[in-house]
Amino acid sequence: MRLSRGDLHTLAGPYALDALTGQDRDRFERHLGRCEPCRQEAGSLREAAARLPEVTVAGPPEGLRARVLAAAAAIRQAPPVTPGMGQQAVLARRAGRSPVLVPRLALAVAGGIILVLLAVGSLAVTSQHRAGQDQAHSRAIAAVMTAPDARMVTGHATAGGTCTVVMSHSDRALVLTTRKLPRLPAAKGYQVWLMGPSGVRKAGMLPRAHQGMTAPMVVSGLASRDEVALTAEPAAGSGHPTSHMILVLALP
Amino acid sequence: MGDAEQAADPPGGPAGQRRAGTGDGLAPLLTRVARGDEGAFAAVYDATAGQVYGVVRRVLRDPAQSEEVTQDVLLEVWRTATRFDPRRGSGLAWVMTMAHRRAVDRVRSELAATARERRARPEGPGYDTVTETVEARFEAQRVRRCLESLTGLQRESVTLAYYGGHTYREVASLLEVPVGTVKTRMRDGLIRLRDCLGVDQ
Ligand SMILES: [Zn+2]
């Protein structure tokens, strides 16, 4: 059904209630750009509609707050569209990155970031680190996540569970999380390896899982044609893999 | 249907005092969030998460999906606070618009379509809500009283669209009234609500 020009002026009410379908909404938003009275009215009706959630307030699930705050710490903010307050700070924060690619990429990987980080209640376990270390860790994660060439890949381990990697060739680094890997006895741990044409390199021990998930781990020193592998090793780690690989993940 | 009915006088009175952390109180916090202030973001979370989660769950019904959307919305608040412009509306309207739109988009997406078929006809705001503070209860009561000051058709049009996630065409067919009537009742209903709550910007 096509809306006539005259009809458009009557849509501020449905618009403020999000009661327009996609096509009508797009047309009306273009109209708002040209019609000051409708823009005024839509704005003031939005203010009224924004009070409707007062009536349906409900306590969010336990743990959501910690997950959201932890994830935010690792998500780069978008640059402002128009000059305004906060711009200087934002420009400083994105120094060293292409100003065009950053927001587009942040959007593109947002789903991935959220999957990876929110899979990870344990990111909130800040007591494990001193605050400074924790911030550096968050920054390292954010750098990979928002790199212009960031890619995400997930693999299934032979013994069950999954491993998700977000990697950037330009940063020569990756962020790795796992879900539901089999539990190991306390004396053992999972060790991460990078396997390239020149051999196998140690990449560190996976942190202990919380509720089946491990906090994001940053691995740097990535080379081209590297693959990621996981083995179960003594908790202190091994110099080279001593058990069969439960996962080998080819990187894009 | 009750188009000519008279509404009671608006009970809420003119602009009452706004709850700290909502309405304009959010704007300075969002400005700090735009500078990367994580403490301010925690305060924004505390001031809005109950409303965001509550309305998303009302629209989507499914608690797991609602948690996911709430999370997405709040992270989007963090990410795009740099684009919040207080001259164009309150912080509360900015956050709630994002939340409600996401919920509605999700409920209308194909994935949710099947689940929605099974859903009973959505009702109004309901009274089973968890309100956490005396102030929150007061605000909720004020909004409820103002909703009651709308005509029946205004109120049904507004609540079916907002809490039910229906388009105005769907609302028209649910209420068996012409589409043009629903459009104006939504507008008139929101105007009355706005004047009753005293939230004009
Ligand atoms: Zn217009």
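In helix H1 of chain B, B:Leu26, B:Leu29, B:Leu30, B:Arg32 and B:Val33 meet B:Ala40, B:Phe41, B:Ala43, B:Val44, B:Ala47 and B:Thr48 of H2(B), contact being heavy atoms within 4.5 Å. The residues of this contact divide into 9 nonpolar, 1 polar and 1 charged. The model is predicted: local features need pLDDT of at least 70, side-chain atom pairs count only at pLDDT 80 or more, and totals for chains, interfaces and linings use all residues. Residues are numbered from 1 along each chain as its sequence is written, chains are lettered from A and ligands numbered from 1 in the order written, and side-chain values use heavy atoms, without hydrogens and water.

**Helix pair in chain B**

- H1(B) covers residues 26–34 and H2(B) residues 38–60; they pack at an angle of about 140°, with their axes 8 Å apart.
- This angle makes H1(B) oblique to H2(B) (under 35 degrees is roughly parallel, over 145 roughly antiparallel, 65 to 115 roughly perpendicular, and the rest oblique).
- H1(B) passes H2(B) in a left-handed crossing, in which the near helix is turned anticlockwise from the far one by less than a right angle.

**Sheet in chain A**

- An open sheet of 4 strands in chain A has the order E1-E2-E3-E6, with antiparallel pairing (strands pair if DSSP finds at least two bridges between them).
- Its edge strands are E1 (151–156) and E6 (217–220), each pairing on one side only.
- From one strand to the next, the twist averages 25°.
- Strand E3(A), residues 173–179, pairs with E6(A) in the antiparallel sense over 4 bridges.
- A:Leu176 stands opposite A:Met217 in E6(A).

Notes. Axes are lines fitted to C-alpha atoms, for helices over the stretch in contact, and angles run from 0 to 180 degrees between N-to-C directions. Helices (H or I, at least four residues) and strands (E, at least two) are DSSP runs, numbered from the N terminus. Ala, Val, Leu, Ile, Met, Phe, Trp, Tyr, Cys and Pro count as nonpolar, Asp, Glu, Lys and Arg as charged, and the others, Gly among them, as polar.
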